[in-house]
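Hello,

Here is the structure I promised to pass on. Have a look, and then read my notes below.

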Amino acid sequence: MSRAIFFHIFVKNVYSKLMNMIKNIAQFYFNGFKNMPSWGRKLWLIILIKLFVMFAILKIFFFSNYLNANFDTEEEKGDFIIEQLTK
Amino acid sequence: MTDSIDLSTVDWSRAQFALTAMFHYIFVPLTLGLSFIIAVMESLWVKTGNEEWKTATKFWMKLFGINFAIGVSTGIILEFEFGTNWSNYSWFVGDIFGAPLAVEGIMAFFMESTFIAIMFFGWNKVSKKYHLISSWLVFLGANLSALWILVANAWMQNPVGMVFNPDTARNEMIDFWAVLFSATAMNKFFHTILAAFLLASIFVLGVSSWYLLKKRHISIAKKSILVSSIFGLSVSLLTLYSGDTSSRDIAKIQPMKFAAMEGLYEGKTHAPLVLAGFLSTNKEGIEECKHAIEVPGLLSLMTHYNSQSFIPGIKDVINGYTSNEGKIYLPITERITKGKIAINALRDYKSQKKKGSALEIDKSLKLFKENYHHFGYGYMKSPKEAIPNISLTFYSFHIMVSLGLLFILLFIVSCFLVYKDKIEKYRWILWANLICIPLAYIATQCGWIVAELGRQPWVVQDLMPTKIAATNIDTTSVQITFWIFTLLFTTLLIAEIKILLTQIKKGPKEGDK
């Protein structure tokens with residue numbers, strides 16, 4: 001019985017420490033972004049626009065993975081490449 | 001065998017890859033080198049308690065942040081291109097390329113991005129020492145990222161530690177350590193990161209010199225010049241040394257690239273080192289260096305520690321030669337024949353596998369394995385295809401070396417003047433330091449031109465020529481994305497320069513706690 005209680009307290013302690021740590025990390029980032037100077041905000045805007053252009057436009061519309069898009073299995077891909085290399 | 005691939009697609013894919021890689025590499029060296037300078041300055045603050053070191057650290061950290069933010073993830077576009085434009089290549093090298101890049105992604109990039117947050121947001125929130133450790137870990141993470149990428153690149157120049165699997169058409173890694181610690185990988189890593197440190201030193205030296213010219217932030221500028229000139233002089237000498245060892249490795253594993261770097265058409269014993277020269281086209285229609293200022297015997301001496309040793313020229317690599325160590329290099333025509341045998345054997349192996357004739361399967365496989373190291377030559381129609389763009393390789397190499405020597409001189413003079421505490425009185429050296437910032441970028445870009453154009457026609461040395469590596473896709477789509485990238489990259493570059501210049505003009509925030 002006492003062992004079960006000890007285990008329960010131990011888990012509770014670990015859980016609360018873990019939650020505190022996550023809270024502190026989140027707070028750290030939140031404050032960091034909140035107190036960011038204007039040049040920092042400008043940079044984040046550039047990063048977000050860049051990532052949007054790269055992943056939402058370029059990757060989807062122009063850069064599909066050729067082999068994944070045209071073949072289903074690894075064997076088919078390998079056969080296609082051998083055909084390309086030997087024709 | 002190459003008729004079905006549209007060469008204009010290959011050329012546009014190459015142009016797009018070169019544009020992306022060169023743009024990405026505008027940001028990389030400053031990130032690699034500046035992270036070290038920042039960590040050193042912060043260490044000096046922690047050790048001495050002098051607040052000026054903290055101000056300097058915060059100022060250079062700001063410029064580091066701008067450069068990092070604009071450059072971050074531009075390298076991911078290269079990975080998009082691998083999958084779309086270079087699918088044959090990506091499949092062919094997949095297992096080798098995948099491992100170092102995965103390690104880079106998991107270990108180095110996450111390390112870098114975690115500690116960068118502490119570096120920027122952690123002032124007055126974490127202890128001095130914890131902040132300092134974070135700064136050093138950012139430096140370590142950035143440089144570890146570079147290590148894995150350069151290992152992957154080095155493998156393409158010198159494919160070791162792998163075996164080709166004819167069933168899957170992939171090269172499979174059999175010796176991770178051979179890939180990681182090949183002489184080419186180590187030379188490439190050290191030469192590249194040292195050159196990056198050199199560029200960052202010149203950047204700090206140049207910007208600080210501008211403050212002295214403007215008579216602003218004099219004390220912090222002098223402190224920055226002290227760190228950057230000492231660090232710059234050390235790394236520029238090491239860059240010279242690593243460049244020398246790298247060249248010796250190239251002479252051994254990529255003799256054609258080496259001959260192109262030197263503009264050497266006919267091989268020579270007691271070969272001279274060309275200090276400066278011009279190329280002209282000979283009667284065979286190949287460019288060679290004829291009008292040059294050269295030091296007799298020095299190239300032989302530097303390459304083999306023997307001034308009488310033989311250095312093969314382009315003609316020798318094409319016609320075949322015997323090296324100083326007695327190793328026989330076959331003529332390209334013979335390698336083309338053997339390469340075609342390997343390609344046909346691979347085709348036969350695959351078709352025999354379907355038919356199930358064990359004897360024929362073994363026969364084809366044996367023939368394929370015997371000739372695999374000539375595989376890529378089988379796609380060539382003439383030996384001349386094995387020659388890279390000589391003028392770009394030759395001039396880029398000589399510009400890089402000349403600028404490298406100029407930078408050493410610059411650091412020596414700056415170190416001396418800062419030691420004598422007289423640097424602000426010599427305006428010409430301050431101007432020279434400032435002018436050298438764009439020259440350092442030119443030198444590093446030239447280095448990559450030598451490395452990547454000099455190794456053409458190969459994407460994987462001797463095994464896969466670039467024209468076979470490309471995906472047979474519509475040229476128009478590659479052209480469209482090329483122009484989108486040109487627009488995107490130009491905009492990003494303008495944004496970076498504008499934000500960077502604004503912050504430089506504002507200068508360090510003195511007295512900022």
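**Notes on the structure**

B:His270 counts as partly exposed because it has 16 C-beta neighbours inside 10 Å (20 or more other C-beta atoms within 10 Å make a residue buried, 12 or fewer make it exposed, and partly exposed is in between, with C-beta atoms placed from the backbone). Before going on: this is a predicted model, in which local features need pLDDT of at least 70 and side-chain atom pairs count only at pLDDT 80 or more, while totals for chains, interfaces and linings use all residues. Residues are numbered from 1 along each chain as its sequence is written, and chains are lettered from A and ligands numbered from 1 in the order in which they are written.

Back to B:His270: its phi is positive, about 55°, although it is not a glycine. It sits in the loop between strand S3 (268-269) and S4 of chain B (helices, H or I of at least four residues, and strands, E of at least two, are DSSP runs numbered from the N terminus).

B:Tyr305 is another non-glycine residue with a positive phi, near 55°. Its loop runs between helix H10 (298-304) and strand S6 (310-311) of chain B. B:Tyr305 counts as exposed, because it has 9 C-beta neighbours inside 10 Å.

Strands S4 (residues 273-281) and S5 (residues 287-295) of chain B pair in the antiparallel sense over 8 bridges (pairing requires at least two DSSP bridges). B:Ser280 has B:Glu288 in S5(B) as its bridge partner. Their hairpin has 5 residues between the strands, and B:Gly285 there takes a positive phi near 80°.

There is also a cis peptide bond between B:Gln456 and B:Pro457, with omega about 15°. B:Pro457 is in the loop between helix H15 (427-453) and strand S9 (458-460) of chain B.

Leaving out residues up to four places away in sequence, B:Ile37 touches B:Trp60, B:Ala200, B:Val204, B:Val227, B:Ser228 and B:Phe231.

Finally, the chains: 37 residues from chain B and 28 residues from chain A take part in the contact (C-beta atoms, placed from the backbone, within 7 Å). Among the elements giving two or more residues to the chain B side are helix H2 (51-71) and helix H17 (475-506).

Best wishes

How values were computed. Two residues are in contact if their C-beta atoms, placed from the backbone, lie within 7 Å.
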